[in-house]
Amino acid sequence: MTGILKKKKIAYFSMEIGLLSDIPSYAGGLGTLAGDTIKSSADLNLPLVAVTLISRRGYFRQELDYEGGQIEHSMEWNPSDLLVRLQAEVRVQIQNREVKVGAWQYSLQSPTGGEVPVLFLDTDLEGNSLDDRTITHHLYGGDESYRLKQEIILGIGGVRILDALSYEIRKYHLNEGQSGLLTLELLKRHAMDTEAVKELCVFTTHTPVKAGHDKFSYELVSDLLGDFIDADLLKRFGGADSLNMTHLALNLSNYVNGVAKRHRATSMEMFPGYEIHSITNGVHSFTWTCPCLQEIFDKYMPGWANEPEMLLRVNNSPDSEIWKAHMGAKRNLIDYVNKETNVNMDYETLTLGFARRATEYKRTAFIFTDLERLVRANRKGRIQVVLAGKAHPSDERGKEAIKNVFEIKNNLKDDIKIAYLQNYDMNLAAKMVSGVDVWLNTPLPPQEASGTSGMKAAHNGVINFSVLDGWWIEGWIEGVTGWSIGPEPGENVPYEEARKRELEDFYGKLEHVIIPMFYHRRDDWIKMMNNSIGMVASFFNSHRMMRRYVTEAYL
Ligand SMILES: *Cc1c(COP(=O)(O)O)cnc(C)c1O
């Protein structure tokens, strides 16, 4: 144990971490990426320690009423079922009060012998005021002040906990800006030497939209943080008008990463003057490959789980076995759909899947834009559609989008079977990305920084049909690895025209390419499934991503 502790670690900070569905301290893509990062680090024996908040009430459990109205339940869970309470305790000052911060540990262990400790910070401790005890309860809940308190706990409390546990840290990796305050704690520890702090920090930005970056008024900052840091200095790094966590992290990190090549380009436009790199995201291959396919990969490409590059030899496995495994995953999903809803789907119909946060730019109802054309395509060969996704509790338009899908689903029920499943989480994601035939992604470009669910789908031989944004620009070869929707980024098509082309592509390819191939050229279809595994999954995995972080960002 001491040996491991002596090894200088990468401290990986993330507001949310999704390791398994039973630890509900995650909301979506950012958290599952963090979880996959940790799993690959353990597999690769990297010296990493992760820090997050305990989120004792989780994000929320989503229930949908018969009209698609979202009901949010808090998710009580018992940390002691899965985590170990550590003795260490530190204090941080908030509004001149001392707030005690404790930690729970989950040790992620890999079959390779690697191990990554994950620390969950907790303020629900005796001695803290009732109010302070709730700081680490709700992920993405509460108002600005609540959020800033959480970020103080994560950034400042996190650095102090690592210290209290005697970790020696070689780099601090900020997974998105919410942990940005750790830079201030480091400044104080390094006699305000900004170069020393920058040398210690790696920042991954995830949001290509301005509104997506956390901002706090300096009034609130000074109310909560008091004189923790000199106000002028803070403004120099965090922005003149308000504290922008992305700016703070950008200004105090020597290595800044965007999560796909396109996202790097958008970020460089958004933040001129900064050098931004692009290590494109990946997913943890073993976690996101369904058991039926794992078995085949084990048989024909033994060792693939810790060396996903091997997946490029997927053609060594017989097509019939790949198809059989896929049908196993499909049955698993369709049975679940039929248990949860009354739509009565079947195993043979071409099944499209769409699941992501219900928020405007993700365009949940995109495929229902022209119902006549959808029904016409369906006459060429039947389709059925499985959707899922939570809307943030304060995102009214996201909630409207879900209701809208419910209405369309009822109107179309005699033509096309559609199910919107409730409570999209990691378990449901695993079922969906393996159990459909085609994975759809229709964000409004360039707002999808990367996206990762399509990479999960590819690991299962599920073919991507997506807007050219985020990672898909790098993974897409038309008709080989999947299909595109809408223009290429380089084409510079005007806004309205681009939206028109997206609809043309979607309905045109569905009717004339995808449906005919699925029903009449099954061999070609399976070839594309193999390409998804061999050409997409072999690259878009978090092992490759972490090897690159090590050689380019950490060393
Ligand atoms: C993978 C995953 C996401 C991210 O999917 P995107 O394609 O990036 O939107 C969100 N939520 C859950 C539960 C996931 O497993």
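Which residues of the largest nonpolar core touch the most other members? I began there. Of its 66 residues, Leu162 and Tyr172 do. I take a nonpolar core as a set of buried Ala, Val, Leu, Ile, Met, Phe, Trp, Tyr and Cys residues joined through side-chain atoms within 4.5 Å, where buried is under 20% relative accessible area (1.4 Å probe, protein chains only). Helix α5 (residues 144-164) gives this core its largest share, eight residues; helices are DSSP runs of H or I, at least four residues, numbered from the N terminus.

The model is predicted, with local features needing pLDDT of at least 70 and side-chain atom pairs 80 or more, while totals for chains, interfaces and linings use all residues. Residues are numbered from 1 along each chain as its sequence is written, and side-chain values use heavy atoms, without hydrogens and water.

I listed the contacts (heavy atoms within 4.5 Å) of Tyr172, leaving out residues up to four places away in sequence; among them are Ala11, Phe13, Val159, Leu162 and Leu200.

Next I looked at the ligand.

I then checked polar contacts, pairs of N or O atoms within 3.5 Å. An oxygen atom of the ligand lies 2.6 Å from a side-chain N or O atom of Lys456. For Lys362 I read 3.0 Å, and for Arg356 3.4 Å, again to a ligand oxygen atom.

Methods. Buried < 20%, exposed > 50% of the residue type's maximum accessible area, 1.4 Å probe, protein only. Helix = DSSP H or I, 4+ residues; strand = E, 2+ residues; numbered from the N terminus. Polar contact = N/O pair within 3.5 Å; in protein donor to acceptor, adjacent residues only side chain to side chain.
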